[in-house]
Amino acid sequence: IGYWADGVVYRNSTGVASLATFTSGDIIAVEVDFDGSLIYFQKSGGSRSSGIDISALGSGPFAPALSMVTSGNNATLNAGATAFAVSPTSGFTAWGA
């Protein structure tokens with residue numbers, strides 16, 4: 001599943017949601033509810049998205065990942081090794097915690 005800068009969330013190459021666009025300097029928070037098979041995205045501390053169904057992805061295993069499309073772009077993935085820039089929603093913890 002991927003959240004692209006144009007705001008489209010893709011699951012298996014199919015757009016499944018349209019969220020806010022993002023650009024350089026934005027912070028994207030991601031929360032996954034494995035029990036409910038939902039993923040949530042939040043841009044720069046704004047409102048969290050509605051849950052997006054991930055049940056079609058199966059039971060895993062899963063791993064956090066980050067991919068850049070354009071050469072020269074950069075980003076940082078923080079799965080909990082350092083303090084989060086956006087506080088997790090109650091009931092969510094760092095990856096692997």
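A residue counts as buried when its relative accessible area is under 20%. The views below show a predicted model.

**View 1. Glutamine 42 is a buried residue of strand S5.** Its relative accessible area is 11%, which is under the 20% limit, so glutamine 42 is classed as buried. A polar atom of the glutamine 42 side chain lies 2.6 Å from the backbone oxygen of glycine 46. Leaving aside residues up to four places away in sequence, glutamine 42 touches Ile27, Ile28 and Ala29, together with Ser47, Arg48 and Val86.

**View 2. Strands S4, S5 and S6 form an open sheet.** The strands follow the order S4-S5-S6, and their pairing is antiparallel. Strand S4 (28-33) and strand S6 (52-53) are the edge strands, each pairing on one side only. Strand S5 spans residues 38-43 and is joined to S6 by two bridges. Across this antiparallel pair, isoleucine 39 stands opposite isoleucine 52 of S6.

**View 3. Phe34, Phe62 and Trp95 form a nonpolar surface patch.** Together the three residues have about 290 Å² of accessible area. One of them, phenylalanine 34, is found in the loop between S4 and S5. Its relative accessibility is 43%. Partly exposed covers the range between the buried limit of 20% and the exposed limit of 50%, so phenylalanine 34 counts as partly exposed.

How values were computed: Residues numbered from 1 in each chain as written. Predicted model: local features only at pLDDT ≥ 70, side-chain atom pairs only at ≥ 80, totals over all residues. Heavy atoms only, no water. Pairing = 2+ DSSP bridges. Helix = DSSP H or I, 4+ residues; strand = E, 2+ residues; numbered from the N terminus. Buried < 20%, exposed > 50% of the residue type's maximum accessible area, 1.4 Å probe, protein only. Polar contact = N/O pair within 3.5 Å; in protein donor to acceptor, adjacent residues only side chain to side chain. Contact = heavy atoms within 4.5 Å. Patch = residues over 30% accessible without salt bridge, like charges linked within 9 Å, V, L, I, M, F, W, Y side chains within 5 Å. Areas by Shrake-Rupley, 256 points an atom, 1.4 Å probe, with all protein chains shown as cover. Salt bridge = Lys/Arg side-chain N within 4 Å of Asp/Glu carboxyl O.
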